[in-house]
Amino acid sequence: GISHRFLAAVDGKQLTPEQQKQYSRTKTFVRLNRDLHPNEIGCAHSHINAWREAAAADREVLIMEDDIRLHDDFRRVLSSRASDAMARRL
């Protein structure tokens, strides 16, 4: 009963030229002393896309990974959070 949707992941082996330009090998080597695997770059782009959609949304959103394990109290906590948000708007 919770509205949700899955976002498409970015395949690091099929990056667009624009996505490739956003990655800096130099900065990565300075920070990590290694290059990133294409899957790591794709994962980063997937997260960036999720955050952009969340920022553009006209409501509160919750972003979770596809392998998340929810606690038994998840529905109660989420419902409580929604109630608190409504109270703050009034």
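Which helices each supply at least two residues of the lining of the second largest pocket? The helices are α2 (25-32) and α3. The model is predicted; local features need pLDDT of at least 70, side-chain atom pairs count only at pLDDT 80 or more, and totals for chains, interfaces and linings use all residues. Residues are numbered from 1 along each chain as its sequence is written, and side-chain values use heavy atoms, with hydrogens and water left out.

The chain has four helices and zero strands. Its pattern along the sequence is α-α-α-α. Helices (H or I, at least four residues) and strands (E, at least two) are DSSP runs, numbered from the N terminus. The radius of gyration of the chain is 18 Å, whereas a compact globule of 90 residues would have one near 12 Å. This radius is taken over C-alpha atoms, and the globule rule is 2.2 Å times the number of residues to the power 0.38. The C-alpha trace spans about 50 × 30 × 25 Å along its principal axes. Of the 90 residues, 14% count as buried. Buried means under 20% relative accessible area, exposed over 50%, and partly exposed in between (1.4 Å probe, protein chains only). Among contacts with a separation of 6 or more, 50% come from residues 24 or more positions apart. A contact means heavy atoms within 4.5 Å.

Helix α3 covers residues 38-56 and has 19 residues. From first C-alpha to last it reaches 27 Å, close to the 27 Å expected at 1.5 Å a residue. That expected span is 1.5 Å times one less than the number of residues. Buried positions in α3 are Ile41, Gly42, His45, Ser46, Ala50 and Ala54. Their cover includes α1 (17-21).

His45 is found in α3 and is buried, with a relative accessible area of 7%. Leaving aside residues up to four places away in sequence, His45 touches Val10, Leu15, Gln19 and Gln22. Val10 lies in the segment before α1. Val10 counts as buried because its relative accessible area is 16%.

Rolling a probe the size of a water molecule over the atoms shows where empty space is left. The second largest pocket holds about 230 Å³ of space. A pocket, on a 1 Å grid over the protein atoms alone, is an open set of points where a 1.4 Å probe fits, with protein on both sides within 12 Å along at least five of seven lines; lining residues have an atom within 4 Å of a point. Residues lining the second largest pocket include Gln22, Tyr23, Arg31, Ile41, His45 and Ile48. The lining divides into six nonpolar, four polar and two charged residues.

Asn33 is found in the loop between α2 and α3. Its phi is near 60°, a positive value in a residue other than glycine. Asn33 is exposed, with a relative accessible area of 64%.

Terms used
Points joined across faces, edges and corners; volume = space filled by probe spheres on them. Nonpolar A, V, L, I, M, F, W, Y, C, P; charged D, E, K, R; others polar.
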